[in-house]
Amino acid sequence: MTTVEPYVPELYVPKGSAANAQYAVDIDPKRAGWTRSSLRIVELEPGGTHHFTTGDSEWIVLPLGGGCTVRIADEEFQLLGRESVFAGVTDFAYVPRDAQVKIASGAGGRFALAGAKCERRLPARYGPAPEVPVERRGDGTSLRRVRNFASADAFDCDKLIAVEVITPGGNWSSYPPHKHDEQRAGEETELEEIYYFEIDGPNGFGYQRVFPSREGGADVLAEVRSGDAVLVPDGWHGPSIAQPGHDMYYLNVMAGPGEAREWRICFHPEHTEGYR
């Protein structure tokens, strides 16, 4: 009798390892070994176009560098975009499940598609950059800026939660270590999470830690560079550490099985004392 070993995904996803003919990064639930969260990065040459079907997932088209138009049926959204993820917030477009989408860029650019399997079909919408809440979180060497463009309380989705974080060079973020791998009413929500990284400046790097919250749980310490990703199916995650002199960007994409779309986390009790 042949024994089939269960699929165990690699939690550290170095640049290029999740690429294919269409995407520089293509992480879907099957690749990640979970049920809902997805991330794709599409790179377009000047005048380039990309077509995709949303299927059973909702998606946000988020410019990483450059601008584009996003067309769904008879609706079209012009995204001004930005020069880079370090230049500031960007506008974005929400596209619903069961839709045909066309992305076109006259000048070319790089665009993230943050997705989550969902049940409800919400209307396509434009997200203006001036309406993105920017949060200062932490103090001192744990100071970072969080762009809550699709946080649970800032933009309506069915399941998808997505934010951007800028960590100044030399600082820690995702700190204290926290988790969201249990469904506990009013205290914690179960969410699968993708971290996608970019580092400002050539040869920059950072570090990402994920450690177990249960026996046999997720455990990784990765040196991350631009284009890398880390999967967080469960476990305590943090800190995210930026190399001195090189700001760190990461895009967080989250979704979970709970009926309510909430980001409720539990901090690690051994790392909160004295933290402000």
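In what order do the seven strands of the open sheet lie, and with what pairing?

**Figure 1. The open sheet of seven strands in the predicted model.** The strands follow the order β1-β19-β16-β21-β13-β12-β11, and their pairing is antiparallel. At the edges of this sheet are β1 (12–13) and β11 (134–137), each of which pairs on one side only. Strand β1 runs antiparallel to β19 (residues 229–232), and two bridges join them. Within this pairing, V13 has A229 of β19 as its bridge partner.

**Figure 2. The protein as a whole, shown as context for the close-up views of the predicted model.** Along the principal axes, the C-alpha atoms fill a box of roughly 55 × 55 × 40 Å. Of the 276 residues, 55% are buried. Among contacts with a separation of 6 or more, 73% are between residues 24 or more positions apart. The accessible surface amounts to about 12,700 Å², and carbon and sulfur atoms contribute 49% of it. There are 28 positive and 41 negative side chains, with the centres of the two sets 2 Å apart.

Figure 3. Beyond its neighbours within four places in sequence, T272 is in contact with P176 and F267. The C-alpha atom of T272 lies 29 Å from that of V13, and the two residues are 259 residues apart along the chain.

**Figure 4. Two cis peptide bonds, at P176 and at P239.** P176 occupies the loop between β14 (172–173) and β15 (178–179). The peptide bond that leads from Y175 to P176 is cis, with omega near 0°. P239 belongs to strand β20 (residues 236–242). The cis bond here joins G238 and P239, with omega at about 5°.

**Figure 5. Positive phi values at A73 and D98.** A73 lies in the loop between β5 (57–72) and β6 (75–82). Its phi is near 55°, a positive value in a residue other than glycine. With a relative accessible area of 64%, A73 is exposed. D98 is situated in the loop between β7 (92–95) and β8 (100–105). Phi of D98, a residue other than glycine, is also positive, near 60°. D98 counts as partly exposed, at 46% relative accessibility.

Key
Residues numbered from 1 in each chain as written. Predicted model: local features only at pLDDT ≥ 70, side-chain atom pairs only at ≥ 80, totals over all residues. Heavy atoms only, no water. Buried < 20%, exposed > 50% of the residue type's maximum accessible area, 1.4 Å probe, protein only. Contact = heavy atoms within 4.5 Å. Areas by Shrake-Rupley, 256 points an atom, 1.4 Å probe, with all protein chains shown as cover. Lys, Arg positive; Asp, Glu negative; His and termini not counted. Charge placed at Lys NZ, Arg CZ, Asp CG, Glu CD. Pairing = 2+ DSSP bridges. Helix = DSSP H or I, 4+ residues; strand = E, 2+ residues; numbered from the N terminus.
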